Each structure stands twice: as C-alpha cells, then as structure tokens.
Amino acid sequence: MDVPKMTIERTNTNKPFLGKSQRVLRWDRSFTFQGRTLWYNRVPFNNCAERVVEVPLAFDFLAHLPEKERILEIGNVLQYYENELSNTLGLRHRRIIDKFEVSEGVENVDLMELDSSQKFQAIVCISTVEHVGQHCTPDGSFGEQKPTTDLEGPLKAIAKVYDLLEPGGHALITVPFGQLMAGGWYVQFSKDYLALLTAKYGIPTEALSVGFLRCLARERGMQNPRQQWLEVTADEVQYVRYNALLSGARAIAVIKLTRSDAPFTLNLSQPDSLLQYKHPTIARTLFFLSGSVQRLLHL
C-alpha cells in the first residue's frame, strides 16, 4: 500500500509525541473532541494548519446554539468555508467584525472599541485574539505597525468578549497553545497565561472551560495537507512551540465561555504580569521574512 508522505510533529524536547509503533499510517476523515466526532475541514483555503479543526469546531458550536439570534463573529474567517447549509441552519445573518480585512458584509471595527452595552447571545472567534495588541506580520500582510506591543492584549480581548455576552450567552474562542511565546504578531497561550483570565481579569471560574487539541501528523507540503489531531491535556502540550516556519499552531486551546450571573467588571487598566515569554528562533523568523511561505499559504 502506498502510504502518503507525512511529517510527525514534535515537541520542544525533540521527542516524538507518539512512539514509533504508534505513528499514523492512515489518514482519518474525522477527529473527536469532548465526546463529539467532527469531520476535518477540507476546503482548500488557508487550510495548512489549525484551520483543519478550528472550522468544524466553530460550525458545530454555531449549529448547536439553542437560539440563533444576535451572533457575533470576531475576525472574518468562517464565510470562506460556508455554503448553503449556513442558510438552512440560520448562521449566515451573524454580524462579522474585522479590524483590517475589507470584504463584503464585514465591519471594519476594533473589538476593543465595541460598545459594551451591546450584548450577544453567541460569539465565535477563530485564531484572532492572539493577534490583539501585537505587531503586524513581518511581511506586512496582516496587522498594524505599533511602537510597542501589549503582551496581555489577547487576554484583554477575551475579557472583552465575556463582557459582550448577555446572561447565559456562549462564546467559542480558539488560540495557539503550548509554550508561552511572543512571536511579534501573535502570542501563543500557556497554562499560566490562561490562568490570568480568572485570577487577574475576573472571568468567573464556572464561566470558563478549556479543551486542547494537538497535531500528531501532517502531510508534507502546504496546500491543504491531510492532518491528524488528537484531544490532549494541557500538560501534554506544555512544551509545544508555535510553528513559525509554516505560520501555524501545533496545538490549540478551545476556550468556551458562558456568561454567568456572578458580578463582572471589565478592567483592562492593569500592569503586565511577570511571565517569561519564548521567542521564535532567528532562522525561522528570517525564513518567514522572505514572504515565500506566506504567499504559498494563500495560493
């Protein structure tokens, strides 16, 4: 049998995540997360990394909402992957905001400037909040030039999302996860970083749940490769680094918020916590600076 070429993802310790006898020899069409079996995204648009699981997670979240009114999407992502099923399920009418992307039906609004008196039943945000408060990408294709970065900007964005939910409202947010990394145009979350959502930014513990997925293997090449992802614990991916070479996550956190009745005050004027951030290696950053990878990702 002709087995497709694949790359086994590794942790920062250079040890395989799976033993040699357990390496993937067959590409599954689906993955499991929190007891649900979902189909991998195979739409060939910017689908070389975590979008393969994020997109089905987001549509599953929206499809199972008890009510489908007052839905907000932060970051213009899902309309690149939806079809007439979105109309059937009542998902197409959602409000979409994106600070930078100019596209039909998208409001160029900064999440942090939304009026908190506006409340939503549901909010979905795919691989977006990690960029809040950060620089633009090295090739200038995304984000804005900033004199300084706010390393806790992504946490403040999540607190803002929680503040925008009406009582009983739900949010789904995905972010890269593993070692705490400041990549210039993104922050990769870690366990300690996530903990600040409750300890510092006041989101009630009962309002927050987090699950994790890890990329086990992917085909070589960057145009819609098949991938294998597995649900894991935070400890199993605590040493995973962001894949700066391919501009994608090797592991993600799936953050779910449910607005509780507990009092909450949005307080974003706080000094940064004393956390140690890793940085991409110089070689990977220089490779990305060439822009060649970024262009290939958008073919």
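Visitor: Are Tyr193 and Tyr277 buried or exposed?

Guide: In this predicted model, both Tyr193 and Tyr277 are buried; the term requires a relative accessible area under 20%.

Visitor: What makes the pair of Tyr193 and Tyr277 a link between parts of the chain?

Guide: Tyr193 belongs to helix H4 (residues 191–199), while Tyr277 sits in the loop between strand S13 (251–258) and helix H5 (282–289), so the pair ties together parts 84 residues apart in sequence.

Visitor: Which residues have the most contacts inside the largest nonpolar core?

Guide: They are Ile123, Ile158, Ile173, Phe189 and Leu257, in a core of 43 residues. Helix H3 (153–164) is among the elements that supply at least two residues, and H3 gives the largest share, seven residues. Ile158 touches Ile173, Phe189 and Leu257, among others. Another core, of 32 residues, lies apart from this one and includes Phe31, Phe59, Val77 and Leu213.

Visitor: How do you know where the predictor's confidence is below 50?

Guide: The chain averages a pLDDT of 86, and 85% of the residues score at least 70. Over residues 1–22, however, the pLDDT is below 50, and over residues 292–299 the pLDDT is likewise below 50.

Terms used: Residues are numbered from 1 along each chain as its sequence is written. This is a predicted model: local features need pLDDT of at least 70, side-chain atom pairs count only at pLDDT 80 or more; totals for chains, interfaces and linings use all residues. Side-chain values use heavy atoms; hydrogens and water are left out. Helices (H or I, at least four residues) and strands (E, at least two) are DSSP runs, numbered from the N terminus. Buried means under 20% relative accessible area, exposed over 50%, partly exposed in between (1.4 Å probe, protein chains only). pLDDT is the predictor's confidence in each residue, from 0 to 100. Contact means heavy atoms within 4.5 Å. A nonpolar core is a set of buried Ala, Val, Leu, Ile, Met, Phe, Trp, Tyr and Cys residues joined through side-chain atoms within 4.5 Å. Lists of a residue's contacts leave out its neighbours within four places in sequence.
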